[in-house]
Amino acid sequence: AQRIVIKIGTSSLIYPNGNINLAGIDQLAFVLTDLKNQGKEIVLVSSGAIGVGMNKLHLESRPATIPAQQAVAAVGQAELMNIYNQRFLTYSQQTAQVLLTRDIVEFPESRKNVVNTLEQLLQMGIIPIINENDTVAIDELDHQTKFGDNDQLSAIVTQLVKGDLLIMLSDIDGFYSGNPAKNKNAILFHAIHEITPQIWDYAGDKGSKFGTGGMVSKLNAAQRILTTDSAMVLANGQQPQVIFDILAGKQIGTLFC
Ligand code: ADP
């Protein structure tokens, strides 16, 4: 069986106006269930807890303090799983929630427990839905407990389960020779085999290695994947059906291998 990890970002789950993209989530559930039914093993890494929490609590803007963000994330995580469960059950697919912290990297015993759980879930035909445990991961700069962001988390999970492929769904078609929002001449890379200083430059600000999101964070994830036998594809998650095309070998997004 082919083992695939999919990472989906907040921008694919929540519209800019704060409403939840139920059509996108439903399509994701449909695609992932179909892949599982084809015999593949699927792991989903999903962001979105704070965004869904803001929606549920009718908050206009992201809370200012970290405890407030953690509280909203705790509300949102439950609601996010509620939505996933509902959508996946439409296709008779079981899911499980797995919340992780950085100790899976630091402590072999924790890592072993995580691997055992994920292996068992996959064996049972269940799709694990993974997110960072925001209650325990205290602070954006706390590298002891925090992964940095879900880009790193998804790469670590791919390593843990020895995934064949990490599909990272973002709000952009792939990796360009500059930020397309600022540089309209930027061109899309179809494949990257080594992350050279030039490539880091194209990603812009390299100073915030542990910042959340951005292309630097995606390159950090890609770099981790390049040290393994796995590959990573960065693609646009607006239409989750794109996953079918990627697995069919069509040239979509940027392949890191
Ligand atoms: P997500 O929320 O999906 O994780 P991010 O917002 O963190 O995505 O990162 C995607 C954004 O990175 C793009 O929308 C684009 O504006 C910006 N970006 C900066 N440099 C590049 C680049 N070289 N190629 C593509 N996108 C880039």
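Two residues are taken to be in contact when their heavy atoms lie within 4.5 Å. The structure described here is a predicted model, in which local features need pLDDT of at least 70 and side-chain atom pairs count only at pLDDT 80 or more, while totals for chains, interfaces and linings use all residues. Residues are numbered from 1 along each chain as its sequence is written, and side-chain values use heavy atoms, with hydrogens and water left out.

Helices (H or I, at least four residues) and strands (E, at least two) are DSSP runs, numbered from the N terminus. Leu22, Ile25, Asp26, Leu28, Ala29, Leu32 and Thr33 of H2 meet Ile83, Tyr84, Arg87 and Phe88 of H4. By class, the residues of this contact are eight nonpolar, one polar and two charged (Ala, Val, Leu, Ile, Met, Phe, Trp, Tyr, Cys and Pro count as nonpolar, Asp, Glu, Lys and Arg as charged, and the others, Gly among them, as polar). The axes of H2 (residues 22-37) and H4 (residues 66-90) come within 9 Å and cross at roughly 55°; axes are lines fitted to C-alpha atoms, for helices over the stretch in contact, and angles run from 0 to 180 degrees between N-to-C directions. H2 is therefore oblique to H4 (under 35 degrees is roughly parallel, over 145 roughly antiparallel, 65 to 115 roughly perpendicular and the rest oblique).

Helix H3 (residues 49-56) also meets H4, with axes that come within 6 Å and cross at roughly 90°. That makes H3 roughly perpendicular to H4. The residues of this contact divide into nine nonpolar, four polar and two charged. H3 is mostly covered, with six of its eight residues buried, where buried means under 20% relative accessible area, exposed over 50% and partly exposed in between (1.4 Å probe, protein chains only). Those buried residues are Ala49, Ile50, Gly51, Val52, Gly53 and Met54, and they pack against H4 and S4. After H3 comes His58, with a positive phi near 55°.

Now to the sheet. Eight strands form an open sheet with mixed pairing, in the order S3-S4-S2-S1-S5-S7-S8-S6; two strands pair if DSSP finds at least two bridges between them. Strands S3 (95-100) and S6 (191-192) stand at the edges with a single partner strand each, so one side of each is left without a neighbour in the sheet. S3 pairs with S4 (residues 127-132) in the parallel sense over six bridges, and Val98 has Ile130 of S4 as its bridge partner. H4 packs on this sheet, touching S1 (3-8), S2 (41-46), S3 and S4, and its direction makes about 155° with that of S3.
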